[in-house]
Amino acid sequence: MDLQIALLLGQDGVTNGAVYALLALALVLVFAVTRVIFIPQGEFVAFGALTLASLQAGKLPGTLWLLLGMGIAVALIEIAISVRDRHLQRIPSIALLNVGVPLVLAGALFVVSPATLPLPVQVVLSLMMVVPLGPMIYRLAFQPIAEASVLVLLIVSVAVHVTLIGLGLFFFGAEGSRTPAFTDMSFEIGDALLQGQTVLVVVASVVLIGALFFFFERTIYGKALRATAMNRTGARLMGISATVAGKLSFTLAALIGAFSGVLISPITTVYYDSGFLIGLKGFVGAIIGGLASYPVAAAGAILVGLLESYSSFWASAFKEVIVFTLIIPVLLWRSLNTRHVEEE
Amino acid sequence: MKIKAVIAALFAAATGSASVAYADINVGVTLSATGPAASLGIPEKNTFPLMPTTIGGQKINYIVLDDASDTTTAVKNTKKLIAENKVDVIIGSTITPNSLAMVDVAAEAETPMIAMAASARIVDPMDAKRHWVFKTPQNDAQMAIAIVEHMTSNNVKTVAYIGFSDAYGEGWWNEFQKIAEARKLNIVANERFNRADTSVTGQVLKILSAKPDAVLVGGAGTPAALPQKSLKEKGYKGIMYQTHGVANADFLRVCGKDCEGTVLPAGPVLVAAQLPDSNPVKKAALEYVTKYETANGKGSVSTFGAHAWDAGKLLANAVPEALKKAQPGSKEFRKALRDALEGTKNLTGAHGVFNMSPQDHLGFDQRARVMVKIEGGNWKYVQ
């Protein structure tokens, strides 16, 4: 292995690691606020990428129907609750938000042919279709059992994952897709060729992480999320709604996932079930951070990316084994170093 | 009283229809329409509605189940088909691990089985269990020989291999390594990657540093495009080989211009229209292509569905023979059907010409493969 190969592998590792880092942050966020180990995180990656690919192929993505279906389900439940509690004035806003907006989106896609739109507009449209699925999933699957134990939440999380994988196969078919690169630029650094797209992935990840930092430190909603993560009961006594916090964290997780999908789809072929493995590697990163620390989780995810890249060079047949075995010493070290606190 | 009467009527109807079903021939199918092998299983599933509904005057019922590319489910489906549906023959499954696991079940119930999976191990070595098992796809070894021949005639001295880290990639590696060594090809790198990998940079760099004249990618479907795209991106100039596992339109769509000039062996059905009229397979292959595309749209055909079609062809040929000896639904009929399948001679399917024997339950010769090159985003038949 000479220096050039080492540099190329490092670059590859950091690029993948940046995406894993984003997912690790989303996992930590969701777990801290709602105690859900969010296994379907990876599905948002696949849905984001494949929705964009469908738009570019000039097809109406299946996620649109999913959005409409889930929107109607959420609206029906919320309206039933409003009627029961005699809050009839809420009904129009519920219907508008959950059914009206997806309908407008669907109408817009029927009128203009999505393949002819410029790339940034396609990206925004894909995000608009995938991101609302986050809070809707929270409303349908997790809000009714928000007070259940971590294990029950995990089981529901697995169920949501399996459901979304099945829907993914139904919507997008078994074959993968790739989207064209955002930029064809490339730079020479020494002997190594640096692709513009990989730089873009790293830069976009850093910007998104910076934005999240700003959100948590400087905005009232971010602070509310942090408060909920620290002490749910205390936060509720201070007037922070656990439901709003949960929905907000799922929205962010969906946004991060779908955005990661859009970022990686020009680098690799994405399949309906690709998201799971990507999410799992983010999860290894999150575990390194103890599902609590954002910076350690991000660093852990970068480490996973680098380890994966170098082990694919040395022993490609054992790459996954090496990456997932990493979790054992980390768990050992964490369990020896931290005092175990019984769950409430 | 009324409810009892209804139940009695229902019961009578149920047993009545069951006794009718006994006179029909029941064909049990388990295939991988979902899960990792879905891109192979879906065209197979679409092929069954195109098959004949009567053979030799007998009605044929196709009972198609999905095994989700999962071995346990495939075995469960097979048991269910045998015990509940009383099938006379099993077709399936799509992939090798599933088919191997089903061999025991089919042999125990003395039910003939026709696999649509590629590995030679399904029918070889012949023993008391495989006595009941047949298969329609070409053996990997046949395809590997074709690749190695193409390599040696194109002055390839050193070659690198990168394959799936599963049964498919390992199987190809074993066949390819054996044949390549016999023909004095020097294998300079042997790498693995996962179907779901997002990057193969490490493997590709290692291959590049070994400077091979040619690279063989042992993968199936669109995931096989990833190493090839990475190699092109890093400036590899040698000849690229793929296996017949990539022979569908989605591979061309995903790989795009990076796959220009790639060479692969495939069943003749892939380039049916380009075959010379003298080719015995051309007519049968075109028949399938036309039927499939009429039902599923132009350009939708893939070679995988044709394996299911050939299984149907084998049945259509064997059933009239078996009907002479016994009635469907009986043990004697299943045995007669097995004997008739083994006696298949000069039957032209979409993938080649079947000549079965007690030792060879595939029965293909070199007419079952052609070399194909990707040119201008299309499959091009190479003489």
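For the sheet I needed a rule for pairing: two strands pair if DSSP finds at least two bridges between them. The model is a predicted one.

**Entry 1: the mixed sheet of chain B**

I looked up the strand order in chain B. 6 strands form an open sheet in the order 2-3-1-4-5-6, and the pairing is mixed. Which strands are the edge strands? They are strand 2 (54-55) and strand 6 (133-135) of chain B, each of which pairs on one side only.

I then followed the pairing of strand 6 of chain B. Strand 5 (residues 113-115) of chain B runs parallel to strand 6 of chain B, and 3 bridges join the two.

**Entry 2**

I checked strand 7 (residues 158-164) of chain B next. It is joined to strand 8 of chain B by 7 bridges, and the two run parallel. Within this pair, B:Val159 stands opposite B:Ile187 in strand 8 of chain B. What lies on the path from strand 7 to strand 8 of chain B? The chain passes through helix 6 of chain B, and this β-α-β crossover is right-handed.

I repeated the check on strand 9 (residues 214-218) of chain B, which pairs with strand 10 (residues 239-242) of chain B in the parallel sense over 4 bridges. B:Met240 in strand 10 of chain B is the bridge partner of B:Val215. With helix 8 (residues 225-233) of chain B, strand 9 and strand 10 of chain B make a right-handed β-α-β unit.

**Entry 3: backbone details in loops of chain B**

I went through peptide bonds and phi values. B:Gly92 and B:Ser93 are joined by a cis peptide bond, with omega at about -5°. I placed B:Ser93 in the loop between strand 4 (89-91) and helix 4 (96-108) of chain B.

A cis peptide bond also runs from B:Asp124 to B:Pro125, with omega near 0°. B:Pro125 is in the loop between strand 5 and strand 6 of chain B, and these are the parallel strands of Entry 1.

I also noted B:Lys184, a residue other than glycine with a positive phi, near 65°. B:Lys184 lies in the loop between helix 6 (167-182) and strand 8 (186-193) of chain B.

**Entry 4: helix packing in chain A**

I turned to chain A and took helix 6 with helix 11. Helix 6 (residues 133-142) of chain A packs on helix 11 (residues 242-264) of chain A at an angle of about 135°, with the axes 7 Å apart. Why do I call this pair oblique? Angles over 145 degrees count as roughly antiparallel and 65 to 115 as roughly perpendicular, the rest between them being oblique, and helix 6 and helix 11 of chain A are therefore oblique to each other. The crossing of helix 6 and helix 11 of chain A is right-handed. Among the residues that meet are A:Ile137, A:Tyr138 and A:Phe142 in helix 6 of chain A and A:Phe250, A:Ala253 and A:Ala254 in helix 11 of chain A. By class I have 8 nonpolar, 3 polar and 2 charged residues in the contact of helix 6 with helix 11 of chain A.

The axes of helix 9 (residues 220-230) of chain A and helix 11 of chain A come within 10 Å and cross at roughly 110°. That makes helix 9 of chain A roughly perpendicular to helix 11 of chain A. A:Tyr221, A:Ala224, A:Leu225 and A:Thr228 in helix 9 of chain A meet A:Ala242, A:Ala245, A:Leu248 and A:Ser249 in helix 11 of chain A. The residues of the contact of helix 9 with helix 11 of chain A divide into 6 nonpolar, 2 polar and no charged.

Helix 6 of chain A also packs with helix 3 (residues 62-85) of chain A, at an angle of about 40° and with the axes 10 Å apart. Helix 3 and helix 6 of chain A are therefore oblique to each other, and helix 3 of chain A passes helix 6 of chain A in a left-handed crossing. The contact includes A:Leu66 and A:Met70 of helix 3 of chain A and A:Leu133 and A:Arg139 of helix 6 of chain A. A:Leu133 and A:Arg139 are also among the residues of helix 6 of chain A that meet helix 11 of chain A.

**Entry 5: chain A against chain B**

Last, I looked up the contact of the chains, which takes 26 residues from chain A and 26 residues from chain B. Helix 1 (3-34), helix 12 (274-288) and helix 13 (294-314) of chain A each supply at least two residues of the side of chain A that touches chain B. The largest share of that side, 5 residues, comes from helix 1 of chain A. By class, the side of chain A that touches chain B has 13 nonpolar, 9 polar and 4 charged residues.

Note on methods: Residues are numbered from 1 along each chain as its sequence is written. Chains are lettered from A and ligands numbered from 1 in the order in which they are written. This is a predicted model: local features need pLDDT of at least 70, side-chain atom pairs count only at pLDDT 80 or more; totals for chains, interfaces and linings use all residues. Axes are lines fitted to C-alpha atoms, for helices over the stretch in contact, and angles run from 0 to 180 degrees between N-to-C directions. Angles under 35 degrees count as roughly parallel, over 145 as roughly antiparallel, 65 to 115 as roughly perpendicular and the rest as oblique. A crossing is left-handed if the near helix is turned anticlockwise from the far one by less than a right angle, and right-handed if clockwise. Two residues are in contact if their C-beta atoms, placed from the backbone, lie within 7 Å. Ala, Val, Leu, Ile, Met, Phe, Trp, Tyr, Cys and Pro count as nonpolar, Asp, Glu, Lys and Arg as charged, and the others, Gly among them, as polar. A crossover is right-handed if, with the strands pointing away from the viewer, the path from the first strand over the helix to the second runs clockwise.
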